[in-house]
Amino acid sequence: MRTARRYLALEIYRSCAVVLLALLGLFTFFALVDDLDGVGKKFSILAMFYMQALETPARLYDLLPIGLLIGAILALASLAQRNELVILRVSGVSGMRLLATLWLITLPLMAGALLLSEYITPKSETRYSEVSLALRGQSSDGRLQSGYWFKEPLPDKGTRIINIQNLMGSGAVSGVMVYDLAPDLELRMVAQADSGTLEGDGELILSKVTETRIDPDASQALADARPPAHPPATVTTEPGLTLHTTLNPQRLLARVLTPERMSIASLLDYIHYLHHNQLQADRQIVALWRKAVYPFTLLVMITIAAPISFMQTRRGGVGAKVFIGILLGVGFFMLNQLALNIGMLSHWPAWLTALGPNIGAMAMALAALSIMEYRMVLGNLTACRWPWKKSLA
């Protein structure tokens, strides 16, 4: 069985590599065509190719499950067409044992997917966002028309709101507005800065700052319609100002990254930051569950491929099986996205949103394989007990 497992692994890995290369080439070509409109003096052709190279790990991360499904179906269907799977079945290997062998073959792919998910993709996506911010002045996600907004508590139970117009990578920002609110939510300070730098120890160093401080008694004096004892607002201009904040360059960049592109450690840190600042973290929690479930998705894909590939056809049939696999892969992807959107809108538990489609697909694939196995066993028993009914088996 060890020799058969190695042979199956070689065939599946080879087919998956070919399918993934084809899918990567196709999607990269479409992305290059889409980016050609933005080529100019600042964004050159070489920069465009560099950004697409940085996007390749994230694209591979998205295409790996469907690539495994199509590649496994292609490899196993070819083996079935050449009657090699029949030889394994005749030698006493049951369908469930063959499925267990396919699961063992998938384990190295799961380890590679975990490495891709936790180390390669986050680093490449971080670099991609930094280059996009530097060359295009924009990122792929997280920006409102008014810029990026951050909220955090102050030591005196007040609230600080930070508005950043542009992120330039490596902790550099421009167009910064800082609003400090008292515990009763009265505005007490507004600072405007042309640029700034966020240091790793939680310090926001602002340059060319215009600071406006509002007197605490200003609102009461205006309410009483009497002249205040002190100026209601004091405006000062300073070359620099340092603010202590809970932000750091990683959390700043996490604001513009898709949660699924972040590593589990970064997601946990960002979720803690959101909870500490009393902000919603539902999207990040669901992304954390989906990343944890991602290796299991590969097992689901190989399980779906098994019953499709084990179906015997008298002639041909490989193209039809691959087509069915493509339909199932696209359907599973759409179901996964639909479950994500419905789960977010309906406030489903994060584990259900992430695990629901995988468990459903796994159960259906195992049921289909069990039905095929039962029919084969029943047919063999019928052929042995009533030889004249062999044609019915």
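Hi everyone. Before we start, what you see is a predicted model, in which local features need pLDDT of at least 70 and side-chain atom pairs count only at pLDDT 80 or more, while totals for chains, interfaces and linings use all residues. Residues are numbered from 1 along each chain as its sequence is written, and side-chain values use heavy atoms, with hydrogens and water left out.

Let's begin with the overall picture. The chain has 10 helices and 6 strands. Here helices (H or I, at least four residues) and strands (E, at least two) are DSSP runs, numbered from the N terminus. Of the 393 residues in the chain, 45% are buried. Buried means under 20% relative accessible area, exposed means over 50%, and partly exposed is in between, with a 1.4 Å probe and protein chains only. Now for contacts, meaning heavy atoms within 4.5 Å. Among the contacts in the chain with a separation of 6 or more, 66% are between residues 24 or more positions apart.

Next, how do the helices pack? Please find helix H1, residues 2-35, and helix H2, residues 45-81. Their axes are 5 Å apart, and the angle is about 140°. The axes are lines fitted to C-alpha atoms, for helices over the stretch in contact, and angles run from 0 to 180 degrees between N-to-C directions. What do we call that arrangement of H1 and H2? The two helices are oblique to each other. The cut-offs are these: under 35 degrees is roughly parallel, over 145 roughly antiparallel, 65 to 115 roughly perpendicular, and the rest oblique. The crossing of H1 and H2 is right-handed. By class, the contact of H1 with H2 holds 23 nonpolar, 6 polar and 3 charged residues. In this scheme Ala, Val, Leu, Ile, Met, Phe, Trp, Tyr, Cys and Pro count as nonpolar, Asp, Glu, Lys and Arg as charged, and the others, Gly among them, as polar.

H1 also meets helix H4, residues 95-135, where the axes come within 10 Å and cross at roughly 55°. That angle makes H1 oblique to H4, and this crossing is right-handed. On the H1 side, the contact is made by Arg5, Leu8, Ala9, Ile12 and Tyr13, and on the H4 side the residues include Leu98, Thr101 and Pro108. Sorted by class, the contact of H1 with H4 has 10 nonpolar residues, 1 polar and 1 charged.

Now, on to the charges. How many salt bridges are there? The count comes to 9, where a salt bridge is a side-chain nitrogen of Lys or Arg within 4 Å of a carboxyl oxygen of Asp or Glu.

Let's visit a few of them. Arg14 is partly exposed at 45% relative accessible area, whereas Glu11 is buried at 13%.

The next pair is Asp156 with Arg188, at 2.8 Å from N to O. Asp156 lies in the loop between strands E1 and E2, and Arg188 lies in strand E4, so this bridge ties together parts that are 32 residues apart in sequence. Asp156 is partly exposed at 38%, and Arg188 is partly exposed at 27%.

Then we have Glu260 and Arg283, a salt bridge of 2.8 Å, N to O. Glu260 sits in the loop between helices H6 and H7, and Arg283 is in helix H8, so the pair connects parts 23 residues apart in sequence. Is Glu260 buried or exposed? Glu260 is buried, at 10%, while Arg283 is partly exposed, at 26%. There is also a network of salt bridges linking Glu152, Arg160 and Asp180.

Finally, look at two loop residues. Leu185 has a positive phi, near 65°, and is not a glycine. Leu185 is in the loop between strands E3 and E4 and is exposed, at 58%. His347 also has a positive phi, about 60°, without being a glycine. You will find His347 in the loop between helices H9 and H10, exposed at 61%.

Key. Left-handed = near helix turned anticlockwise from the far one by under 90°.
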